[in-house]
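Thanks, everyone. I have one structure to go through today, chain by chain, and then the place where the chains meet. Here it is.

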Amino acid sequence: MSLYRPPRIPASQITPEHCFLARRSFLAAAAGGALLASGMPASAEALKASKSPYAVDEALTPEKDVTSYNNFYEFGMGKGDPIANSEKFKPTPWTVKVDGLVGKPKEFGLEELMALPLEERVYRMRCVEAWSMVIPWIGFPLSALLDKVEPLGDARYVAFETVVRPEEMPGQSGYFQSLPWPYVEGLRLDEARHPLTILSVGVYGKTLPNQNGAPIRLVVPWKYGFKGIKSIVKITLTDKQPPSTWNLAAPNEYGFYANVNPEVDHPRWSQASENRIGEGGFFGANRRPTLPFNGYAEEVAGLYSGMDLRANY
Amino acid sequence: MACLPTLPRKYHAASIWLLYALGLVPAAWGFWLGATGRLPGNPVKEFEHLLGLWALRFLIATLAVTPIRDLFAINWVRYRRALGLLAFWYVLMHFLTYMLLDQYLNFSAILVDIAKRPFITIGMAAFVLLIPLALTSNAWSIRRLGMRWVKLHRLVYVIAAAGALHFAMSVKVVGLEPWTYIGLVALLLLYRLARPLIRGGGRGKPRASAFRGQERSA
């Protein structure tokens, strides 16, 4: 399945593929979304979502691991810091401002976004640190949001920005700051419009816990986890490649593309294999080979045809 | 500083064995947590990191013995061998965990790691350099090697620096923790370099007293 073939169709005219794939579930989820819109969840409330055909056939990583072992430097640098230090964070009320090269810039309330047809997508998640998970995200294709703002013809990239709240995010205050804030990320517009790319508002059947990027985060399953920017407050369409935080911090280690690629090592460790969290335990081998594009090559390799993936890591 | 009560001589040997026993508690505790599924997320990595950190702590403790005696007149030289050997055992366990539990004896991957990843190369070099020190940490070697023993064991400064560097280079952002270890090792190294000036006279020539305690404790 190759969605990307030049010459480009104006971005605003591409019909999201999930409309073709799941019209019935679309309707069911819309009904669920309408229910939700009446009263916003404060934290970890049940979410209704249709099952998406995008579901990998691998054992899910236990919820306990998904919600207690991750990186979210706004809450600290340790893997246990996000769950330990995110209690004070208030994910509601929330708005996401979408602006830049769009016909209809708009600030969306979270309620409006949660009312979009929600799907459950079971995706692999490959961290750049060579560990991985299988996570049942709930969300909607980013293209569904982009459609609403009608990207202009010269929009080529999408820039994302995380909230800055030092009083609620301990990693953003104090003498030692691990990264410059806000955390920023970016995608090429065709990557952003790819049906696999979603904005997630939930995981494991519930709204996102604070530590996983509440209330809304990006999930791009064929890229390393750090591309999945969390707690998004701003999305801007641009004609220039936007900056990304880890790329700014260590350009030789983290590229703009950050596509999962077992052939291109991180300068300090191999990317050929990964530890699947929650499997194998202490003595069992839980290391498995890493797949090109994290196993999504069939869907996304076409986006990069002709590109040198060693240079564009 | 006489405020510290002196340990009667008859307890010296027992206190050294106690140090060995206590020193191995973090490893045993971590192993038990890991083996019973109580380490979060990536248990093998957690255990590997715990062992590496304790190795670094024992290295720093080993290096701190002399400055503590110089500056505070507290003589813990009798514990120095135990501290150094604990550091060695922790480095060995750290490496074995990486080889067995993490890489599952995938030797090609391990060799590529050691050759290609500077932080692993440095860590590996520190481990290799520690081996002769561990092997010669006995009274017989001290007697046999004499001044050469002192020179050989100065490698511990290189090893500690390599250890701190290995840690700092392994993390994505060098935060407070790796900086603390780098700072401590740097401080101890600087003290070692400045010691002849501070104490005057000796021109950095090692004196027999620097290792006499080691021999006695055997």
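Before the numbers, one definition: helix axes here are lines fitted to C-alpha atoms over the stretch in contact, and angles run from 0 to 180 degrees between N-to-C directions. Also keep in mind that this is a predicted model.

Helix 3 of chain B, residues 43-72, packs with helix 4 of chain B, residues 80-102, at an angle of about 160 degrees, and their axes are 8 Å apart. Angles over 145 degrees count as roughly antiparallel, so helix 3 of chain B is roughly antiparallel to helix 4 of chain B. The crossing of these two helices of chain B is left-handed. What residues make up the contact of helix 3 of chain B with helix 4 of chain B? They divide into 17 nonpolar, five polar and three charged.

Now chain B as a whole. Of its 218 residues, 31% count as buried. For contacts in chain B with a separation of 6 or more, 69% are between residues 24 or more positions apart.

Next, chain A. Its secondary structure comes to nine helices and 13 strands. Chain A has 313 residues, and buried ones make up 49% of them. Taking contacts in chain A between residues at least 6 apart in sequence, 73% join residues at least 24 apart.

Last, the interface. How many residues of chain A are in contact with chain B? There are 20, and they touch 19 residues of chain B. On the chain A side, the residues divide into 10 nonpolar, six polar and four charged.

How values were computed. Residues are numbered from 1 along each chain as its sequence is written. Chains are lettered from A and ligands numbered from 1 in the order in which they are written. This is a predicted model: local features need pLDDT of at least 70, side-chain atom pairs count only at pLDDT 80 or more; totals for chains, interfaces and linings use all residues. Helices (H or I, at least four residues) and strands (E, at least two) are DSSP runs, numbered from the N terminus. A residue is buried if 20 or more other C-beta atoms lie within 10 Å of its own, exposed if 12 or fewer, and partly exposed in between; C-beta atoms are placed from the backbone. Two residues are in contact if their C-beta atoms, placed from the backbone, lie within 7 Å. Angles under 35 degrees count as roughly parallel, over 145 as roughly antiparallel, 65 to 115 as roughly perpendicular and the rest as oblique. A crossing is left-handed if the near helix is turned anticlockwise from the far one by less than a right angle, and right-handed if clockwise. Ala, Val, Leu, Ile, Met, Phe, Trp, Tyr, Cys and Pro count as nonpolar, Asp, Glu, Lys and Arg as charged, and the others, Gly among them, as polar.
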